[in-house]
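Biologist: I would like to go through this model and ask what stands behind the terms used for it.

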Amino acid sequence: MRTVDETSAGGLVVDAAGASAALIGRLDRRGRLLWSLPKGHLEEGETAEQAAVREVEEETGIIASVRAFLGSIDYWFVAEDRRIHKTVHHYLLRAHGGELSDADVEVTEVAWVPLAELDGRLAYADERRLVRRAAQILEESA
């Protein structure tokens, strides 16, 4: 089986007040709605920060800018007869325009979720860990 490395970027985008974050919901293979942070592949010539900003806008409709690096998550999975090693770089972003939209065909639902509710809403433990780091950064900058 061929091994492939893939890199993506995205992050936690908070509203101007710093009270809520935009999450995306996707249906898994069983039809369950799983909430996660917006993210996607880097395009050729694009930095991880540029990809994070672009992916947030594509998947949520929100125009944002990077405030801080939160960390990277990497994991392995098998798809289409390939073993994939994926690294996802996550950033804390601040919204400054756009409107929440689920127009992206890869996204089932989008929502502004209060920061205090993210731990209970996010499907993945690694993303919950990054959100706790973001909360510390937001508290320090308040």
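Modeller: A salt bridge is a side-chain nitrogen of Lys or Arg within 4 Å of a carboxyl oxygen of Asp or Glu. This is a predicted model, in which local features need pLDDT of at least 70 and side-chain atom pairs count only at pLDDT 80 or more, while totals for chains, interfaces and linings use all residues. Residues are numbered from 1 along each chain as its sequence is written, and side-chain values use heavy atoms, with hydrogens and water left out.

Biologist: What makes R26 and E106 a salt bridge?

Modeller: Their N to O distance is 3.6 Å, and the limit is within 4 Å.

Biologist: Why does the pair tie together parts of the chain?

Modeller: R26 lies in strand β2 and E106 in the loop between β6 and β7 (109-114), so the parts joined are 80 residues apart in sequence. Strands here are DSSP runs of E, at least two residues, and helices are runs of H or I, at least four, numbered from the N terminus.

Biologist: Why is E106 called exposed?

Modeller: Exposed means over 50% relative accessible area, buried under 20%, and partly exposed in between (1.4 Å probe, protein chains only). E106 has 51%, so E106 counts as exposed. R26 has 24% and is therefore partly exposed.

Biologist: Which salt bridge does E59 form?

Modeller: E59 pairs with R26, the closest N and O atoms being 2.6 Å apart. That pair links helix α1 to strand β2, 33 residues apart.

Biologist: Why is E59 called buried?

Modeller: The relative accessible area of E59 is 1%, so E59 is buried.
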